[in-house]
Amino acid sequence: MENIKINDRLLTAVPLVRKGKRLADIGTDHGYLPIYLIDNGIINSAIAADINRGPLDKAEENIEKYNMTASIKTVLCDGLSGISSVEVDDVAIFGMGGELIIKIIDEAPWLKNTDKRIILQPMTHPEKLREYLANNGFRIIGETLSFDRDKTYQTIAAEYDGIIRHYDNFTLHFGEFIIKEKTDLLVQLLENTKKKLERKIEGKRSGNEDTTAELLLLNEINKYIER
Ligand SMILES: C[S@@+](CC[C@H](N)C(=O)[O-])C[C@H]1O[C@@H](n2cnc3c(N)ncnc32)[C@H](O)[C@@H]1O
């Protein structure tokens with residue numbers, strides 16, 4: 001059997017998942033992430049969970065194809081509701097909206113434990129997710145950007161330490177680890193965000209709506225690019 005290949009977006013999880021720990025992949029869909037991590041000797045076992053039967057069937061097919069039925073358990077459940085805290089160390093939630101990721105974390109209070117790690121990839125609202133983490137005592141321990149099929153993705157890893165933090169608006173949107181270095185990928189993300197903000201401002205202005213938040217972020221992005 002050929003080794004499994006995964007895209008750059010999913011690959012961002014690899015350095016953030018702890019070696020030898022038990023992973024739960026929530027919203028696993030195809031199951032590629034746990035299969036890849038086991039295939040590459042990073043972890044030995046995992047739980048692949050999804051709320052929908054169709055995606056879980058796909059994961060089960062792939063798990064069989066790669067002969068991993070003994071090391072990957074599949075669970076049909078909403079978020080972490082079908083998973084016990086004693087079964088997992090690291091939890092990956094990739095490919096969902098930021099607000100849904102917040103809901104899933106919020107409904108699993110056992111994640112507020114210094115032994116656990118969460119690795120997240122919000123498709124929308126990374127700023128709301130970072131704000132939630134900061135307000136709930138999760139320390140961000142690593143962040144990366146990736147690019148796949150015309151879109152830039154942010155991956156955020158966090159662990160609970162109980163300390164409430166405050167980030168400025170720009171950091172909430174783009175992440176303290178990501179903004180440390182002005183990489184080409186970051187500049188591309190900022191330029192794309194600028195275009196979206198400009199369109200939003202135009203639309204809001206024509207409807208006489210308040211554009212303060214958009215103008216603030218636009219100004220912060222321009223300052224960062226120019227510095
Ligand atoms: C866009 S796919 C992402 C798949 C994979 N994690 C990735 O990043 O490539 C989102 C998956 O999340 C699942 N999902 C949506 N809401 C969920 C929830 N509340 N709990 C568990 N899975 C959920 C969907 O069924 C779908 O398979």
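Tutor: Helix H2, residues 32-39, is mostly covered, with six of its eight residues buried. Buried means under 20% relative accessible area, exposed means over 50%, and partly exposed is in between, using a 1.4 Å probe and protein chains only. Helices (H or I, at least four residues) and strands (E, at least two) are DSSP runs numbered from the N terminus.

Student: Where do the numbers come from?

Tutor: This is a predicted model, where local features need pLDDT of at least 70, side-chain atom pairs count only at pLDDT 80 or more, and totals for chains, interfaces and linings use all residues. Residues are numbered from 1 along each chain as its sequence is written, and side-chain values use heavy atoms, leaving out hydrogens and water.

Student: Which residues of H2 are buried?

Tutor: They are Leu 33, Pro 34, Ile 35, Tyr 36, Leu 37 and Ile 38.

Student: And what covers the buried residues of H2?

Tutor: The cover includes helix H1 (8-11), S1, S2, helix H3 (53-65), strand S3 (72-76) and S4. Just after H2, Gly 41 takes a positive phi of about 70°.

Student: Next topic. Which residues touch the most other members in the largest nonpolar core?

Tutor: That core has 30 residues, and Ile 26, Val 91, Ile 93, Ile 105, Ile 118 and Leu 133 touch the most other members. A nonpolar core is a set of buried Ala, Val, Leu, Ile, Met, Phe, Trp, Tyr and Cys residues joined through side-chain atoms within 4.5 Å. Elements giving two or more residues to this core include strand S1 (23-26), helix H4 (98-106) and strand S5 (117-122). A second, separate core of 26 residues includes Leu 16, Ile 63, Tyr 66 and Phe 94.

Student: What does Ile 118 touch?

Tutor: Not counting residues up to four places away in sequence, Ile 118 touches Val 91, Ile 105, Leu 111, Leu 133, Phe 138, Ile 156, Ala 157 and Ala 158. Contact means heavy atoms within 4.5 Å.

Student: Arg 130 next: buried or exposed?

Tutor: Arg 130 is buried, with a relative accessible area of 1%. Arg 130 sits in helix H5, and its contacts beyond four places in sequence include Glu 143, Tyr 167, His 173 and Phe 174.

Student: What about domains?

Tutor: The domain assignment gives domain 1 (8-166) and domain 2 (184-226); such bounds come from an automatic or database assignment. Their centres, taken over C-alpha atoms, are 30 Å apart.

Student: How much area do domain 1 and domain 2 bury between them?

Tutor: About 420 Å², 72% of it on carbon and sulfur atoms. Buried area is the accessible area (1.4 Å probe) that two parts lose on being put together, summed over both. In domain 1, Leu 145, Phe 147 and Thr 152 lose the most area to domain 2, together 84% of what that side buries.
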